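Hi,

Here is the structure I promised to pass on. Have a look at it first, then read my notes below.

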Amino acid sequence: MPAAKPKNIYQRINEVRKKIGYVKKDAKVQSYVAVTHDAVTAVVREHLIAQGVIVIPTLLRSELKDSGSTTSNGRTIWLYRGYYDVAFVNEDDPDDRIVMQVEAHAEDHGDKASGKSISYAVKYALLKLLSLETGVNEESRIEATQRTIAPEPVSYT
C-alpha cells in the first residue's frame, strides 16, 4: 500500500476546523464579555500541533501615538498600532503557508501595548482563519466611550 500523500497547509487547517468550532467568551471588559487570546490558544493549540501547523506572527510596522486620554493619576495613555503578517506554516514544508495581514491596536500607559497588540492580532487571525464562533457580535458592539482618533488608511507595503 502506498504511503499517504502529505497534507498541504489548507488540508491541515481544515482538519483543525473539523475539531473545533466554538471558543467561550471568558473575560469581562468594560460593558461586554470578550474572548481572550489565552482562551483561543487553549482551544486551538493541541489541534495545530497535531496537524503540524506553526503560527508565526511578524511585525511589519508599528505606530505609537498619544491617545488623548490619561489615567486617573495623569499618566498618558498611548495608542499602539501594529501591522502584522500572521503566517500559518506547514511544519513539513515551510514554504507551504497561509499568511494573513492583520492590523491590531492597543492602549497602555506603560510598556505593554506592543504585547497586547500582537496577542490581539494572533487571536483574530486564528478566529477568522478557523471560522471560530465566540458568541461575540463584533459588528454591532459599540464602545461605551467614543474614540476621537479616526483610523488611518492602511498600507502594508
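Predicted model: local features only at pLDDT ≥ 70, side-chain atom pairs only at ≥ 80, totals over all residues.

Residues are numbered from 1 along each chain as its sequence is written, and side-chain values use heavy atoms, with hydrogens and water left out.

Overall picture: the protein chain has three helices and five strands, in the order α-β-β-α-β-β-β-α along the sequence. (Helices, H or I with at least four residues, and strands, E with at least two, are DSSP runs numbered from the N terminus.) Of the 157 residues, 34% are buried, meaning under 20% relative accessible area; exposed is over 50%, and partly exposed is in between (1.4 Å probe, protein chains only).

Now the sheet. Three strands make an open sheet in the order S3-S4-S5, with antiparallel pairing; two strands pair if DSSP finds at least two bridges between them. S3 (53-70) and S5 (93-108) are the edge strands, each pairing on one side only. S3 is joined to S4 (residues 76-90) by 15 bridges, and Thr 70 sits opposite Thr 76 in S4.

What about the second largest pocket: which elements each supply at least two residues of its lining? They are helix H2 (37-51), S3 and H3. H2 gives the most, with six residues. The lining includes His 37, Arg 45, Val 53 and Leu 126, and by class it has seven nonpolar, two polar and one charged residues. The space inside is about 170 Å³. (A pocket is an open set of points on a 1 Å grid over the protein atoms alone, where a 1.4 Å probe fits, with protein on both sides within 12 Å along at least five of seven lines; lining residues have an atom within 4 Å of a point. The points are joined across faces, edges and corners, and the volume is the space filled by probe spheres set on them.)

Leaving out residues up to four places away in sequence, His 47 touches Val 16, Lys 19 and Ile 20, where contact means heavy atoms within 4.5 Å.

Cheers

Technical notes:
Nonpolar A, V, L, I, M, F, W, Y, C, P; charged D, E, K, R; others polar.
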